[in-house]
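Biologist: I have the sequence and the model open, and I would like a close look at a single part of it. Which part would you pick, and what surrounds it?

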2 protein chains.
Amino acid sequence: MFSGCQFSLYPVTDRFVQIILGALEVLKGRTDARIETDDISTLIVGPSEQVFAAVQAVFLKACAETDHVVINATFSRGCPGEPDDPICQPDSATKSDAAKAVAIEDLTKLESSGVPVKAQFALYPLGVPDYMDTIYAEIEATKTEGVFKRGKHFVTRIGGDANQVFAALQAAFDRAAEHAEHVVLTTTLLHDVPIII
Amino acid sequence: MFSGCQFSLYPVTDRFVQIILGALEVLKGRTDARIETDDISTLIVGPSEQVFAAVQAVFLKACAETDHVVINATFSRGCPGEPDDPICQPDSATKSDAAKAVAIEDLTKLESSGVPVKAQFALYPLGVPDYMDTIYAEIEATKTEGVFKRGKHFVTRIGGDANQVFAALQAAFDRAAEHAEHVVLTTTLLHDVPIII
């Protein structure tokens, strides 16, 4: 089973190059995930817990450097067109992560990262007829978890501390995998700081 | 049938606010699509030809103002959870657009916009078991159309003039709707200008 994420970081500042390259530094030396960067996005391949943690680390590093940062990410697992990759194993670890995520009911009790985020996400369980049930269940879960803000067309707005929001996204991604082999989750996260016009 | 797009514009410059607001000005006064903007993304609701044209117009306006601009967009049609909307009709127009798109074999023959773009996209035909066939067919189509660059994990790199790239994306989106009621296409487009570090 192949799992990972393509993500892009957008610090909306003239210093975007140094902030992107600086944030990606946090991935250097990781042996629990495979990393590839090109001029559009960075790929992280590994089990979901490592992948979400890595994307969060990059985002928090960028937020520490500048106020106005967005990260856009596509998490995917089980795509039939992707090769198997040993780094995505053991599946047992991923499954226990999923179980752990399911066990967290109110994510607002998580320790704070100190970084507030606004976000929206969409979930795509592929190849199964009852995919809307999975999507609706995960939207409901964000309410229990304390991160739901409101529905929008095509996406759901969530928000809170970065630790809560990333945990909610990982939980949705992991739980959806119980209902479809191939699951994609797309998300946009914004560092929630006032914009002075 | 409900169709539209949520998109976000990221001019990576200190002047991001004025460039975003300026680019969104091109949507003012449109009566062929419904527009809603919040602090994460802008929604355009309408038939696919109008929606793709509107997103392209916003992107080109931003590219005219600054070099380093990214647009990230989620196009969706036929989501069972969305209300019907008269503005998304007539379907007959959309269908004839789709037929027109299919008829364009080599998009490099399109008139140039003068704006080169690098892009990647992913297609999600939902609720059907043979969705990978549709995805593979649309990746092949980008080769015929002259915009294919290379495969990546989870996405396909394409590139060329903005007119070609947007036409290829719309064609993939429209054709995929022949195989699934609910189709989502996500894409990231980058104004292809050198980055001086």
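**Helix 4 of chain A and its surroundings**

Modeller: I would pick helix 4 of chain A. Its buried residues pack against strand 5 (116-126), strand 6 (148-151), strand 7 (156-161) and helix 5 (162-176) of chain A, together with strand 5 and strand 8 of chain B. Keep in mind that this is a predicted model.

Start with the helix itself. Helix 4 of chain A covers residues 131-144. At 1.5 Å a residue, its 14 residues should span 20 Å, and its end C-alpha atoms are 20 Å apart, which agrees. Its buried residues are Tyr131(A), Met132(A), Thr134(A), Ile135(A), Glu138(A), Ala141(A) and Thr142(A). Just after the helix, Gly146(A) takes a positive phi of about 85°.

Most residues other than glycine have a negative phi. Phe154(A) is not a glycine, yet its phi is positive, about 80°. Phe154(A) counts as buried because its relative accessibility is 12%, and the cut-off is 20%.

Now cross to chain B, where helix 4 of chain A meets strand 5 and strand 8. Strand 8 of chain B is mostly covered, with 10 of its 10 residues buried. Both of its faces are covered. His182(B), Val184(B), Thr186(B), Thr188(B) and Leu190(B) lie on one side. Val183(B), Leu185(B), Thr187(B), Leu189(B) and His191(B) lie on the other.

Which strands pair with strand 8 of chain B? Strand 5 of chain B does, in the antiparallel sense over 10 bridges. Within that strand 8, Thr188(B) is the bridge partner of Gln120(B). Strand 4 (residues 69-77) of chain B also runs antiparallel to strand 8 (residues 182-191), and 8 bridges join the two. Ala73(B) has Thr187(B) as its bridge partner, and Phe75(B) has Leu185(B).

Step back to the whole sheet of chain B. It is open, has 8 strands in the order 2-3-1-4-8-5-7-6, and pairs them antiparallel. Strand 2 (34-37) and strand 6 (148-151) stand at the edges with a single partner strand each, so one side of each has no neighbour in the sheet. Neighbouring strands are turned by 20° against each other on average, direction ignored. Helix 2 (residues 48-65) of chain B packs on the sheet, touching strand 8 among others, and its direction makes about 170° with that of strand 4. Helix 5 (residues 162-176) of chain B packs on the sheet too, touching strand 4, strand 5, strand 7 and strand 8; its direction makes about 135° with that of strand 7.

Last, the two chains together. A rotation of 180° with 0.0 Å of shift along its axis superposes chain B on chain A, with an RMSD of 0.0 Å. The copies are thus related as by a two-fold rotation axis. They meet through the same surface, because 100% of the interface residues of chain B are also interface residues in chain A. Each chain gives 53 residues to the contact. The area buried between them is about 4400 Å², and carbon and sulfur atoms give 65% of it. Ile40(B), His153(B) and Phe154(B) supply 18% of the area that chain B buries against chain A, more than any other three residues. Phe154(B) is found in the loop between strand 6 and strand 7 of chain B, and its phi is positive, about 75°.

Technical notes:
Residues numbered from 1 in each chain as written. Chains lettered and ligands numbered in written order. Predicted model: local features only at pLDDT ≥ 70, side-chain atom pairs only at ≥ 80, totals over all residues. Heavy atoms only, no water. Pairing = 2+ DSSP bridges. Helix = DSSP H or I, 4+ residues; strand = E, 2+ residues; numbered from the N terminus. Axes fitted to C-alpha atoms, helices over the stretch in contact; angles between N-to-C directions. Contact = heavy atoms within 4.5 Å. Least-squares fit on C-alpha atoms with pLDDT ≥ 70 in both. Expected span 1.5 Å × (residues − 1). Buried < 20%, exposed > 50% of the residue type's maximum accessible area, 1.4 Å probe, protein only. Buried area = accessible area lost by both parts, 1.4 Å probe.
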